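I opened a new page for this protein. My plan is to look things up one at a time and write down what I find.

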Amino acid sequence: LIVPLGWFFNEEILQLCYGVGFKDASPFFDLLLIAFFFMIPNLVLTQATLAIDREHYYAKITCIAALINIGLNLYLIPTMGAKGAAIGTIVTEGLVTILIGAGIIEWSRKIRLRQ
C-alpha cells in the first residue's frame, strides 16, 4: 500500500516533507520506493537471523552489501547521477534479501539433518 500511494502522491509527499525545492526529485523517489519491496522483508529476515544466533553471518552479509553498494555508487553515480544511486540502493537491498534468506534456509536444512 505504501509504494502505490507513494507513486501516486510522490510530489505532494516530497513537498510536505522537504519543501518545494525537492519537487523535481519525484522520479528518484519513485525508484527508491521500489527498495521498500526488499527493505520490509529484510527487517523480518534480520530479526530471524539474530533470533537463530547467526550474528556473525549477518555481520558478514552487511559488510558485503556495504562494499557492493560502495562499488555500485562509484560506478553508477558518475554515469547516471542520483538515478544511479537509487538503482544501487535497490540492487543492494535485493542482494541482502537473497543472502539473508539463503542463510536462514541453510540453517534450517542443518537443523533438519540433525533431527
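Entry on the model. I am working with a predicted model, in which local features need pLDDT of at least 70 and side-chain atom pairs count only at pLDDT 80 or more, while totals for chains, interfaces and linings use all residues. Residues are numbered from 1 along each chain as its sequence is written, and side-chain values use heavy atoms, with hydrogens and water left out.

Entry on confidence. I looked up pLDDT, the predictor's confidence in each residue, from 0 to 100. The protein averages 91, and 100% of the residues score at least 70. Helices here are DSSP runs (H or I, at least four residues), numbered from the N terminus.

Entry on F9. I found F9 in the loop between helix 1 (2-8) and helix 2 (10-18). Together with L1, L5 and F8, F9 makes a nonpolar surface patch of about 480 Å². Such a patch joins nonpolar side chains (Val, Leu, Ile, Met, Phe, Trp, Tyr) within 5 Å, from residues with over 30% relative accessible area and no salt bridge. Areas come from the Shrake-Rupley method with a 1.4 Å probe.

Entry on charge. How many salt bridges does the structure hold? I noted one, where a salt bridge is a side-chain nitrogen of Lys or Arg within 4 Å of a carboxyl oxygen of Asp or Glu. K110 and E106 form it, at 3.3 Å from N to O. They are separated by about one helical turn because they lie four residues apart in helix 6 (residues 82-114). K110 is partly exposed at 42%, and E106 is partly exposed at 36%.

Entry on the core. The largest nonpolar core has eight residues: L45, I52, Y57, I61, A65, V96, I100 and I104. Helix 5 and helix 6 each supply at least two residues of this core. A nonpolar core is a set of buried Ala, Val, Leu, Ile, Met, Phe, Trp, Tyr and Cys residues joined through side-chain atoms within 4.5 Å. I then checked contacts (heavy atoms within 4.5 Å). Not counting residues up to four places away in sequence, A65 touches T92 and V96.

Entry on S26. S26 is in helix 3 (residues 26-34) and counts as buried at 9% relative accessibility. Leaving out residues up to four places away in sequence, S26 touches N10, E11 and L14.

Methods
Buried means under 20% relative accessible area, exposed over 50%, partly exposed in between (1.4 Å probe, protein chains only). Patches are made of residues with over 30% relative accessible area and no salt bridge: like charges are joined within 9 Å, nonpolar side chains (Val, Leu, Ile, Met, Phe, Trp, Tyr) within 5 Å.
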